[in-house]
Amino acid sequence: MTQKTYIQSYIQIENNEIVLNGKSVFKIDPTDFADFAKQAYRNFEMQYPKFFKMDALSKLAFLGSELLLSPITSNEEENNIALVLANKSSSLDTDVKYQESISDKENYFPSPAVFVYTLPNICLGEISIRHQLKSENSFFIFDAFNSEFLWNYSGILLNTNKADTVLCGWVEFFNDNYKAFLCTISKEENEKYTNETINTLYNK
């Protein structure tokens, strides 16, 4: 029997602002993403130096997942949280930077530090390492936010006991334009978002 699933919490990151469960928790004057990410990291006192080596897509996904997962993950026990993310541009922003490093024959300098991020699912790996997740994870590419697919896929993972919680959503980054929408879903009843869907929350 398929059990109903419920949104537990959600986060939106765009336009130099982080909105957690509908409430603005961090906002700064317009700046580029690198500066915004650095200020957000320091504001929330995230202790994870590897953050500064990540590419922009991974930083975006990391910031969102950090605020959603930190309250519910534990270092003492395994966290059965699946990750299901999607975007439109894949890792193109980083791919372009890597291409630039190898296209000039006079200044040929392929950087291993950049190359490692030329797949969009690397951000899933960064989140998994941070929160010690060994659960299912997938990264999908769509032309636009596909709420129905993400909801159905998350429901399958929960109802087949592949995960106790699913972190799912959209993390798009290209040319300093970015938007993240992430939410946690589980079978635990939650009255707070009874009348909401991930689509209505994404469009808020």
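1. A quick word on burial before the rest: a residue is called buried when its relative accessible area is under 20%, exposed when that area is over 50%, and partly exposed in between. With that in hand, Asp176 is partly exposed because its relative accessibility is 34%. Keep in mind throughout that this is a predicted model.

2. Asp176 is worth a look for its backbone too. Its phi is positive, about 70 degrees, even though the residue is not a glycine. You'll find Asp176 in the loop that links S6 to strand S7 (177-186).

3. Asn21 sits in the loop between strand S2 (17-20) and strand S3 (23-27). Its relative accessibility is 27%, so Asn21 counts as partly exposed.

4. Next, strand S4 (81-87). How many of the residues of S4 are buried? The count is 7 of 7. Both faces are covered: Ile81, Leu83, Leu85 and Asn87 are buried on one side, and Ala82, Val84 and Ala86 are buried on the other.

5. S4 has strand partners to go with that. It pairs with strand S6 (residues 165-174) in the parallel sense, over 6 bridges, and Ile81 stands opposite Thr165 of S6. S4 also pairs with S5, again in the parallel sense, over 5 bridges. There, Asn87 is the residue opposite Ile141 of S5.

6. Helix H5 (residues 122-131) ties in here. Its buried residues are Cys123, Leu124, Glu126, Ile127, Ser128 and His131. What do they pack against? Helix H2 (56-69), strand S4 and strand S5 (137-141). As for the spacing, an α-helix has 3.6 residues a turn, so residues three or four places apart point the same way. Just past the end of H5, Gln132 takes a positive phi of about 50 degrees.

7. Last, the cysteines. The model has 0 disulfides. Cys123 is in none, and the nearest cysteine sulfur, that of Cys168, is 13 Å away. Cys123 is buried, since its relative accessible area is 1%.

8. Cys183 counts as buried because its relative accessibility is 0%.

Key: Residues are numbered from 1 along each chain as its sequence is written. This is a predicted model: local features need pLDDT of at least 70, side-chain atom pairs count only at pLDDT 80 or more; totals for chains, interfaces and linings use all residues. Side-chain values use heavy atoms; hydrogens and water are left out. A disulfide is a pair of cysteine sulfur atoms within 2.5 Å. Buried means under 20% relative accessible area, exposed over 50%, partly exposed in between (1.4 Å probe, protein chains only). Helices (H or I, at least four residues) and strands (E, at least two) are DSSP runs, numbered from the N terminus. Contact means heavy atoms within 4.5 Å. Two strands pair if DSSP finds at least two bridges between them.
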